[in-house]
Amino acid sequence: MQLKYVNPNELKQVWIQIKPSLEDMASRSTWIVEDAYSDIKEGRAQLYLTIENNYFTGYIITQTLEDKLHVWAAYNTNNDVLKDGLEATKELAKQQGLSEITFISPRRGWDKIAPKLGFKPSQWVYKL
């Protein structure tokens with residue numbers, strides 16, 4: 001899997017492809033798709049398309065938070081973008097001189113998958 005950076009000036013051209021899956025993720029989160037659009041457009045987040053065999057298969061949206069590369073959103077038609085794209089994501093973090101990769105997900109399945117990929121839990125939240 002390759003990651004192709006999308007220049008913020010070109011965001012409008014690819015937005016229609018990523019918006020439906022972002023709306024689905026946003027419906028289970030505290031953010032809205034307009035947050036993602038404006039943060040990418042203003043350079044506070046970065047959009048990378050996932051490319052396999054010269055075809056668009058999904059995307060990863062990242063943010064730099066302190067010394068961490070935070071994966072804000074990730075989607076792939078195979079539903080395994082973080083697993084398959086981890087090496088490419090590690091390379092992004094290294095290129096930026098960052099020491100960690102983080103993500104947050106309400107999906108319970110990550111409780112089993114994330115540790116196998118080398119992630120460690122760092123926060124538990126009690127919702128009132």
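Q: Where is Glu-66 placed?
A: Glu-66 sits in the loop between β3 and β4. Keep in mind that this is a predicted model.

Q: What is the phi of Glu-66?
A: Phi is positive there, about 55°, although Glu-66 is not a glycine.

Q: And is Glu-66 buried or exposed?
A: Glu-66 is exposed. Its relative accessible area is 72%, and exposed means over 50%.

Q: Which residue other than glycine has a phi near 65°?
A: That is Asn-54, and the value is positive. Asn-54 is found in the loop between β2 and β3.

Q: Is Asn-54 buried or exposed?
A: Asn-54 is exposed, with a relative accessible area of 73%.

Q: OK, on to the sheet. What is the strand order?
A: The order is β1-β2-β3-β4-β5. This is an open sheet of 5 strands, and the pairing is mixed.

Q: Which strands are at the edges?
A: β1, residues 2-6, and β5, residues 100-103. Each of these pairs on one side only.

Q: How much twist, on average, from one strand to the next?
A: The average is 35°.

Q: What holds strands of a sheet together as pairs?
A: Strands pair through backbone hydrogen bonds, either parallel or antiparallel.

Q: Which residue in β2 is the bridge partner of Val-6?
A: Leu-47 is the partner.

Q: What else does Leu-47 touch?
A: Leaving out residues up to four places away in sequence, the contacts of Leu-47 include Leu-11, Val-14, Ile-18, Ile-40 and Tyr-59. Lys-4, Tyr-5, Ile-60 and Ile-61 are also among them.

Q: Which residues have the most contacts inside the largest nonpolar core?
A: Leu-47 is one of them, along with Trp-15, Leu-22, Tyr-59 and Ile-61. That core has 20 residues.

Q: Which elements each supply at least two residues of this core?
A: α1, α2 (33-41), β2, β3 and β4 do. The largest share comes from α1, with 7 residues.

Q: What does the second core include?
A: Leu-69, Val-71, Ala-93 and Leu-98 are among its 9 residues. This core is separate.

Q: Back to α1. Which strands does it lie across?
A: Helix α1, residues 11-26, lies across β1, β2, β3 and β4. The helix runs at about 80° to β3.

Note on methods. Residues are numbered from 1 along each chain as its sequence is written. This is a predicted model: local features need pLDDT of at least 70, side-chain atom pairs count only at pLDDT 80 or more; totals for chains, interfaces and linings use all residues. Side-chain values use heavy atoms; hydrogens and water are left out. Two strands pair if DSSP finds at least two bridges between them. Helices (H or I, at least four residues) and strands (E, at least two) are DSSP runs, numbered from the N terminus. Axes are lines fitted to C-alpha atoms, for helices over the stretch in contact, and angles run from 0 to 180 degrees between N-to-C directions. Contact means heavy atoms within 4.5 Å. A nonpolar core is a set of buried Ala, Val, Leu, Ile, Met, Phe, Trp, Tyr and Cys residues joined through side-chain atoms within 4.5 Å. Buried means under 20% relative accessible area, exposed over 50%, partly exposed in between (1.4 Å probe, protein chains only).
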